[in-house]
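Here is a structure to read through with a few questions. Each answer sets a value against the rule behind the term.

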Amino acid sequence: MRSILLSSIFLLIFSGSCLAILDAFTDGLDLGGYSLPRSVNNYELHDSCLIELRKQMNLEKHASLVYKQMAFHFGSIKMARPGFSKIFEHHSTEEHEHSNKFIKYIDLRGATIGSFNITMPHKTSWSKALEAVEDAIELEHFVTNEIIRIHRIAEKTCKDVHLMNFLENDFIEEQISSINKLMKLATLLRSVGGNDGGYGEYLIDRDFFNGKLSLDEL
Ligand SMILES: *[C@@H]1O[C@H](CO)[C@@H](O)[C@H](O)[C@H]1NC(C)=O
Ligand SMILES: [Fe+2]
């Protein structure tokens, strides 16, 4: 009789503490409907970050179109620079893939991309390769600054470690290296008299076209 009483008391205390532990876990959560308050839900993108990711998705596609415009221009009968055309075509494909990465990321985090809003390239003609490379450097600087700005918003406003990690691993590294390569190409063009196009530019174009020179080797 005494032992039954003792074990009942024990059971009461035990289940009581279990409930207390459960309470601590479920505090603020509605497990029935799987809805969590904003402060605990780290899967859903913060609105400020979703807006920035959509903007970046459009900006990368804009960059892809700018490079496509350059690729066409340098490959055309006006310029006859197939090597530079190839380089810019490659950049255009890369930027298209960057835009796709943002699209996939928005989906991964359960949000929607909304409708596209892509700024069209305003320039269609470059008198020499150096001019286009300088424009490319300016564009890449802008894109890099935007990514770093989003990273700061992800840290300060959204407190989103996953997004910060995505931007660091998939973009910041590549942006820095891409600016470095383009700046070296601009230096090379200047040093061979590329300021007025001409023979130096022709030689570099040949090397790009024949695969004797690639941006990665600069
Ligand atoms: C489209 O993008 C431009 C430039 O970023 C912006 O000013 C404009 O408000 C956007 N339009 C829509 C419908 O989102
Ligand atoms: Fe990009």
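Q: What makes residues protein donors of the iron ion (ligand 2), and which are they?
A: Donors are N, O and S atoms within 2.8 Å of the metal (3.2 Å for Na, K and Ca); water is not among the atoms, so sites may look incomplete. Glu60 (OE), Glu95 (OE) and His98 (ND1) lie 2.0 to 2.1 Å from the iron ion (ligand 2) and are its protein donors. Along the chain, the donors follow the spacing E-x34-E-x2-H. Glu60 in helix α2 (residues 47–75) and Glu95 in helix α3 (residues 82–108) are 35 residues apart, and the pair links distant parts of the chain. Helices here are DSSP runs (H or I, at least four residues; strands are E, at least two), numbered from the N terminus.

Q: What kind of model is this, and how is it numbered?
A: This is a predicted model, in which local features need pLDDT of at least 70 and side-chain atom pairs count only at pLDDT 80 or more, while totals for chains, interfaces and linings use all residues. Residues are numbered from 1 along each chain as its sequence is written, chains are lettered from A and ligands numbered from 1 in the order in which they are written, and side-chain values use heavy atoms, with hydrogens and water left out.

Q: Why is the contact of Glu89 with Lys68 called a salt bridge?
A: The term asks for a side-chain nitrogen of Lys or Arg within 4 Å of a carboxyl oxygen of Asp or Glu. In Glu89 and Lys68 the closest N and O atoms are 2.6 Å apart, and the two form a salt bridge. Glu89 lies in helix α3 and Lys68 in helix α2, so the pair ties together parts that are 21 residues apart in sequence.

Q: How many salt bridges does this rule give?
A: The count comes to ten. Glu52, Lys55, Glu146 and Arg149 are linked in a network of salt bridges.

Q: What makes Tyr202 buried, exposed or partly exposed?
A: Tyr202 has 33% relative accessibility, so Tyr202 counts as partly exposed. Tyr202 is in helix α6 (residues 198–210).

Conventions: Buried < 20%, exposed > 50% of the residue type's maximum accessible area, 1.4 Å probe, protein only.
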